[in-house]
Amino acid sequence: MEKTRITMGVDVKNMETELGNEFPGNVIPAANGGNIVVTKLDAAINWGRKHSLWSLYFGTSCCAIEMMQTGAPRHDYSRFGFEVARVTPRQADLIIIAGTITVKMAPVLRRLYDQMAEPKYVIAMGACAVSGGPFYFNSYSVVRGADHVIPVDVYVPGCPPRPESLLDAMFELQNKITEESMAHRVNNNPIDGFDEGTTK
Amino acid sequence: MGNTELKNIIGSWSENLTFVEEGSEFLIVEVPANELRDIAEKLKTNKDTAFDYLFSLTGVDYGTELGIVYHIESTTHNHMIVMKVKTEDRETPNFDTVTDIWAAAYFNESEAYDLFGIKFNGHKNLRRIFLDDDWKGWPLRKDYVDEFNMLTR
């Protein structure tokens, strides 16, 4: 069984500890046969949150093919809690920016981001979303990096990145969520004070 | 029909045509701007040529000249040709439209206008189709400058 297992870029043996999949709290057996769970609210909420990240379909070019492949059965990001992709920002927690952001697309991306409910996360996938990639020089139409439009949590280099890279970025995002605190999130929209770099 | 026969037929229509041999697959004919419509119409209506399908229309900036390149095919004879037209007028480049001959040119001419600023006389709805309506300048021209959005090297 172990020999035929296809892990697809994920170290299954160490996955439990790598992803911090362990139960977020202590289970204390009570005298009457029941159990008492002792945990922090942050830990319990983040535990649920990081394992139910629904991403928004946002594929603007070839990276989207790799993103689809990451969702397809061979790599299958549903295994790690990225259950489904949604076509509406109202139901999404995460944008995976898979592709080039042009000057014309930028306001659309910003509006989609604004329409998403808190908490929301962004992964910039591929060279174009990170920095403009091959269009960095001599392009009249391409935004040099999606972080000129919305704040980005995790960057994935590559042109396009392999599904393993995207999976790794998703784990990084999960690790980031683990360390989050509700107290910090309240009244702290990530877009507030965000520098779009529009002033030269 | 082979390129040599095409050359003979089309060459007999006007004295101002130049044929370019670049070792390419298609015969290339350069047409003066004032005869463009005339030649285009003949290319379509002449029974021996019968070019009824425009499969590409592209704007080109040659550096000093602006031009349009037409790739045309005949679905009956199965032959193809490349027609080129150029102008040195960079301020108001102006060609006659071929939309009434090949309807496929409708969007392609808008595209050439959008990116190169080449206008087409008689085009019914010439507008910016890719860029924003308030875009300044013609971005695919060699001398296009955008200091804010464009990093050059």
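## Stop one: a covered strand

Start by selecting residues 94–98 of chain A, which make up strand β5; this strand is mostly covered, with five of its five residues buried. Bear in mind as you look around that this is a predicted model.

Now show the side chains. Which residues of β5(A) point one way, and which the other way? Leu94(A), Ile96(A) and Ala98(A) go one way, while Ile95(A) and Ile97(A) go the other way, and all are buried.

## Stop two: the neighbours

Click on Ser55(A) and you'll find it standing opposite Leu94(A) in β5(A).

Then bring in residues 121–125 of chain A, strand β6. β6(A) pairs with β5(A) in the parallel sense, over five bridges. Look for Met125(A) here: it is the bridge partner of Ala98(A).

How do you get from one of these strands to the other? Select helix α4 of chain A, residues 106–115: together with β5(A) and β6(A), helix α4(A) makes a right-handed β-α-β unit.

## Stop three: the whole sheet

Time to zoom out. In chain A, five strands form an open sheet in the order β4-β3-β5-β6-β7, with parallel pairing. The edge strands are β4 (85–86) and β7 (154–156) of chain A, each pairing on one side only.

Pick out β7(A) and you'll see that it pairs with β6(A) in the parallel sense over three bridges. Met125(A) turns up again, this time with Val156(A) in β7(A) as its bridge partner.

Now select residues 163–178 of chain A, helix α6. Helix α6(A) lies across β5, β6 and β7 of chain A, running at about 155° to β6(A).

## Stop four: over to chain B

Switch to chain B for the largest nonpolar core, which has 37 residues. Leu43(B), Ile68(B), Tyr70(B), Ile72(B), Met83(B) and Val98(B) touch the most other members. Elements giving two or more residues to this core include α1 (3–11), β4 (66–73) and α3 (105–116) of chain B. Apart from that core lies another, of 23 residues, among them Cys63(A), Met125(A), Leu166(A) and Ala169(A).

How values were computed. Residues are numbered from 1 along each chain as its sequence is written. Chains are lettered from A and ligands numbered from 1 in the order in which they are written. This is a predicted model: local features need pLDDT of at least 70, side-chain atom pairs count only at pLDDT 80 or more; totals for chains, interfaces and linings use all residues. Side-chain values use heavy atoms; hydrogens and water are left out. Buried means under 20% relative accessible area, exposed over 50%, partly exposed in between (1.4 Å probe, protein chains only). Helices (H or I, at least four residues) and strands (E, at least two) are DSSP runs, numbered from the N terminus. Two strands pair if DSSP finds at least two bridges between them. A crossover is right-handed if, with the strands pointing away from the viewer, the path from the first strand over the helix to the second runs clockwise. A nonpolar core is a set of buried Ala, Val, Leu, Ile, Met, Phe, Trp, Tyr and Cys residues joined through side-chain atoms within 4.5 Å. Contact means heavy atoms within 4.5 Å. Axes are lines fitted to C-alpha atoms, for helices over the stretch in contact, and angles run from 0 to 180 degrees between N-to-C directions.
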